[in-house]
Amino acid sequence: MTLKQINGGKPCFKEEVIENITQTCMYQLDRHRLNIQVLTESPSGTADHPSVVESVEAEVKQMAKLMGVMGAISYLNNGGILEFEPEL
């Protein structure tokens, strides 16, 4: 029996927290993806080339951080079982 079933079908606090973090990460990932798209497809009106490259790199780093958070949530949700092999 799951916590959701015990709680009368309503999400428990843990599920709500995990869902909130996941949705926030998904929103932020999409925002960074859109920023990269604008920077790479519409260079007019943006900074000089080195600044564009640095800006894209910063966006990618933020995406990697968020993907790490989502991986940690997945790890916790699966009882400590990795769904992927991390590169060491």
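Helices (H or I, at least four residues) and strands (E, at least two) are DSSP runs, numbered from the N terminus. Residue numbers start from 1 along each chain as its sequence is written. As this is a predicted model, local features need pLDDT of at least 70, side-chain atom pairs count only at pLDDT 80 or more, and totals for chains, interfaces and linings use all residues, while side-chain values use heavy atoms, with hydrogens and water left out.

Helix α2 has 29 residues and reaches 42 Å from its first C-alpha to its last. This is close to the 42 Å expected at 1.5 Å a residue, where the expected span is 1.5 Å times one less than the number of residues.

Of the 88 residues in the protein, 18% are buried; buried means under 20% relative accessible area, exposed over 50%, and partly exposed in between (1.4 Å probe, protein chains only). In α2 the buried residues are Ile18, Thr22, Cys25, Leu29, His32, Ile36 and Leu39.

The largest nonpolar core consists of eight residues: Cys25, Leu29, Ile36, Leu39, Val52, Val56, Met63 and Leu66. The elements giving two or more residues to this core are α2 (13-41) and α3 (49-77). A nonpolar core is a set of buried Ala, Val, Leu, Ile, Met, Phe, Trp, Tyr and Cys residues joined through side-chain atoms within 4.5 Å. In soluble globular proteins, nonpolar side chains tend to be buried together.

Met63 touches Leu29, His32, Arg33 and Ile36, not counting residues up to four places away in sequence. A contact means heavy atoms within 4.5 Å. Among contacts between residues at least 6 apart in sequence, 60% join residues at least 24 apart. Arg33 and Val56 are 23 residues apart in sequence and 9.6 Å apart in space, C-alpha to C-alpha.

| Residue | Helix | Relative accessible area |
|---|---|---|
| Arg33 | α2 | 39% |
| Val69 | α3 | 33% |

The accessible surface of the protein comes to about 6900 Å², of which 60% belongs to carbon and sulfur atoms (Shrake-Rupley method, 1.4 Å probe; for residues, only the protein chains shown count as cover). On this surface, Phe13, Val17, Ile21 and Val69 form a nonpolar patch with about 340 Å² of accessible area together. Helix α2 gives the largest share of the patch, three residues.

Note on methods:
Patches are made of residues with over 30% relative accessible area and no salt bridge: like charges are joined within 9 Å, nonpolar side chains (Val, Leu, Ile, Met, Phe, Trp, Tyr) within 5 Å. A salt bridge is a side-chain nitrogen of Lys or Arg within 4 Å of a carboxyl oxygen of Asp or Glu.
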